[in-house]
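Subject: Structure for you to look at

Dear colleague,

I am handing over the structure we spoke about, and below it I set out what was found in it. Please keep it open beside this message while you read.

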Amino acid sequence: MHEVALMTEAVRLAVEAARAAGAQRVTALRLRVGALSGAAPEAMEFAWDVVRRGTLLADARLEIERVPAVGWCPSCRVEFDTTGCWSECPRCQEPAGELRRGRELEIASMELE
Ligand SMILES: [Zn+2]
């Protein structure tokens with residue numbers, strides 16, 4: 001379950017940022033998780049209950065913003081929904097060159113007190 005490691009790291013980064021800002025505690029942590037990031041939001045929420053104990057985030061609220069995967073076709077210059085890294089452009093049927101969104105795994109924002 002690598003979500004435990006992910007959440008441990010997220011809490012560590014949040015504590016560091018809170019200390020740097022001179023905050024007493026973190027009241028909310030918002031994470032951005034892409035559909036193709038490899039992390040399962042359900043497992044992250046489960047891990048969250050354990051890893052925040054005894055930290056500045058002990059009473060914080062966790063919000064997970066799910067980012068759907070979006071591909072980009074440079075020929076047609078269109079964005080389209082996709083479910084994987086290798087999908088075709090719905091207009092020209094060419095394999096999509098780029099994944100625009102969907103791999104995010106980051107702290108979007110946090111609230112400090
Ligand atoms: Zn295209």
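Predicted model: local features only at pLDDT ≥ 70, side-chain atom pairs only at ≥ 80, totals over all residues.

If its neighbours within four places in sequence are left aside, Thr-55 is in contact with Val-11 and Val-15.

Which residues of α2 are buried? They are Met-44, Ala-47, Trp-48 and Val-51, and because they cover an arc of only 115° around the axis, they lie on the same side of α2. The face of α2 that is turned away from this buried side carries Glu-42, Asp-49 and Val-50, which are exposed. As for what the buried residues of α2 pack against, the partners are α1 and the strand β2, which covers residues 61–67.

The pairing of the two helices can be described in some detail. In general, two packed helices are described by the angle between their axes and by the distance between the axes. Here the axes of α1 (residues 2–20) and α2 (residues 41–51) come within 8 Å and cross at roughly 55°, and α1 and α2 are therefore oblique to each other. The crossing in which α1 passes α2 is right-handed. On the side of α1, the residues that take part are Glu-3, Val-4, Leu-6, Met-7, Thr-8 and Val-11, and on the side of α2 they meet Ala-43, Met-44, Ala-47, Trp-48 and Val-51. The residues of this contact of α1 with α2 divide into nine nonpolar, one polar and one charged.

Turning to the strands, Leu-62 lies in β2, where it counts as partly exposed because it has 18 C-beta neighbours inside 10 Å. Beyond its neighbours within four places in sequence, Leu-62 is in contact with Leu-29, Glu-45 and Trp-48. The C-alpha atoms of Leu-62 and Met-110 are separated by 9.4 Å, although the two residues are 48 residues apart along the chain.

Leu-29 itself has its place in strand β1, which covers residues 26–34. Is Leu-29 buried or exposed? With 24 C-beta neighbours inside 10 Å, Leu-29 counts as buried. Its contacts, again leaving aside neighbours within four places in sequence, are Ala-14, Leu-57, Ala-60, Leu-62, Ile-107 and Met-110. Its C-alpha atom and that of His-2, which is 27 residues apart from it along the chain, are separated by 19 Å.

Arg-77 lies in the loop between β3 (70–73) and β4, and its phi is near 55°, a positive value in a residue other than glycine. Since Arg-77 has 8 C-beta neighbours inside 10 Å, it counts as exposed.

Gln-93 is found in the loop between β4 and β5, and its phi is near 65°, which is likewise a positive value in a residue other than glycine. Gln-93 counts as exposed because it has 8 C-beta neighbours inside 10 Å.

Trp-86 is found in the loop between β4 (78–81) and β5 (98–101), and with 9 C-beta neighbours inside 10 Å it counts as exposed. From C-alpha to C-alpha, Trp-86 and Leu-99 are 8.7 Å apart in space, while in sequence they are 13 residues apart.

Terms used
Residues numbered from 1 in each chain as written. Axes fitted to C-alpha atoms, helices over the stretch in contact; angles between N-to-C directions. Helix = DSSP H or I, 4+ residues; strand = E, 2+ residues; numbered from the N terminus. Parallel < 35°, antiparallel > 145°, perpendicular 65-115°, else oblique. Left-handed = near helix turned anticlockwise from the far one by under 90°. Contact = placed C-beta atoms within 7 Å. Nonpolar A, V, L, I, M, F, W, Y, C, P; charged D, E, K, R; others polar. Buried ≥ 20, exposed ≤ 12 C-beta atoms within 10 Å, placed from the backbone. Arc of directions from axis to C-beta.
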